[in-house]
Amino acid sequence: MLNFLNLFKSQYKFSKYSDNFFFGTAISTKNLQYLKENKINTIVSLLPDTEMPKSIFSEIASESKKLNLHSFHVPFSPGQITEAHIQKAKDIVKENKGPFFFYCRSGKRAELMINKIQIQD
């Protein structure tokens with residue numbers, strides 16, 4: 001079971017959407033072990049490479065593999081979500097094991113995406 005107390009003590013914002021879905025602010029490779037320890041299995045980044053000072057998704061993807069975490073990139077800018085983005089997220093959820101952690105810069109797009117894919121646990 002996820003240790004929710006530890007999630008909320010983190011310097012990053014992690015919020016629970018449901019038992020299988022969480023969302024939050026941008027992470028770095030140093031957060032991956034923490035996510036693993038809290039039973040997250042799949043990570044979905046919604047950040048375009050241009051939105052962060054340094055593109056770190058490739059680093060996150062590489063380090064995720066070492067921890068047996070799945071990581072995916074479905075980048076879109078605020079207000080630019082499309083049906084293609086939503087379908088890609090649905091496919092990721094359908095084809096991978098949860099719990100899932102979606103993130104973006106503020107967490108708002110991540111929450112929106114989870115809501116858009118209309119997950120039913």
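Predicted model: local features only at pLDDT ≥ 70, side-chain atom pairs only at ≥ 80, totals over all residues.
Trainee: By what is a pair of aromatic rings described?

Mentor: Such a pair is described by the distance between the ring centres and by the angle between the planes. For this structure, the count comes to five aromatic pairs. In one of them, Phe-14 and Tyr-34, the ring centres are 6.0 Å apart and the planes stand at 45°, so the pair is tilted. This pair links distant parts of the chain, for Phe-14 belongs to strand β1 (residues 14-18) and Tyr-34 to helix α2, 20 residues apart. Phe-14 and Tyr-34 are both buried. The rings of Phe-101 and Tyr-103 also have their centres 6.0 Å apart, but their planes are at 20°, so this pair is stacked. The cut-off that separates the two cases is that planes under 30 degrees apart count as stacked.

Trainee: Are Phe-101 and Tyr-103 buried or exposed?

Mentor: Phe-101 and Tyr-103 are both buried.

Trainee: Which residues touch the most other members of the largest nonpolar core?

Mentor: The way to read a core is to look at its members, then at the elements that supply them. The largest nonpolar core has 34 residues, and those touching the most other members are Ile-27, Ile-43, Leu-46, Phe-101, Phe-102, Tyr-103 and Met-113. Two or more residues each come from β2 (21-25), α2, β3, α3, α4, β5 and α5 (108-116). Strand β5 gives the most, with five residues.

Trainee: With which residues is Ile-27 in contact, leaving aside its neighbours within four places in sequence?

Mentor: Ile-27 is in contact with Phe-14, Leu-32, Leu-35, Ile-43, Ile-56, Ile-60, Phe-101 and Tyr-103.

Trainee: Which strands run antiparallel and which run parallel?

Mentor: Strand pairing is read from the bridges and from the sense in which the strands run. β1 and β2 are antiparallel and are joined by four bridges; they form a hairpin with two residues between them. Within that pairing, Ser-15 has Phe-23 in β2 as its bridge partner. β3 is joined to β4 in parallel by four bridges, and β3 pairs with β5 in the parallel sense, also over four bridges. Ile-43 has Phe-101 in β5 as its bridge partner, while Ser-45 stands opposite His-73 in β4.

Trainee: Which residues of β3 point one way, and which the other way?

Mentor: Thr-42 and Val-44 point one way, whereas Ile-43 and Ser-45 point the other way; all are buried.

Trainee: Where is the place of His-73, and is this residue buried or exposed?

Mentor: His-73 lies in strand β4 (residues 70-73). Its relative accessibility is 18%, so His-73 counts as buried, since buried means under 20%. A polar atom of the His-73 side chain lies 2.7 Å from the backbone oxygen of Leu-47. Beyond neighbours within four places in sequence, His-73 is in contact with Ser-45, Leu-47, Asp-49, Phe-57 and Lys-88.

Trainee: Which residues have a positive phi although they are not glycines?

Mentor: Here one reads the backbone angle together with the place in the chain. Among such residues, Lys-39 has a phi of about 70° and sits in the loop between α2 (32-37) and β3 (42-45). Lys-39 is partly exposed, with a relative accessible area of 45%. Asn-68 has a positive phi of about 60° and belongs to the loop between α3 (57-66) and β4. With a relative accessible area of 55%, Asn-68 is exposed.

Trainee: Is the peptide bond from Gly-98 to Pro-99 cis or trans?

Mentor: That peptide bond is cis, with omega near 0°. Pro-99 is located in the loop between α4 (83-95) and β5 (100-104).

Terms used:
Residues numbered from 1 in each chain as written. Heavy atoms only, no water. Buried < 20%, exposed > 50% of the residue type's maximum accessible area, 1.4 Å probe, protein only. Polar contact = N/O pair within 3.5 Å; in protein donor to acceptor, adjacent residues only side chain to side chain. Contact = heavy atoms within 4.5 Å. Phe/Tyr/Trp six-rings, centres within 6.5 Å; stacked < 30°, edge-to-face > 60°. Core = buried A, V, L, I, M, F, W, Y, C linked by side-chain atoms within 4.5 Å. Pairing = 2+ DSSP bridges.
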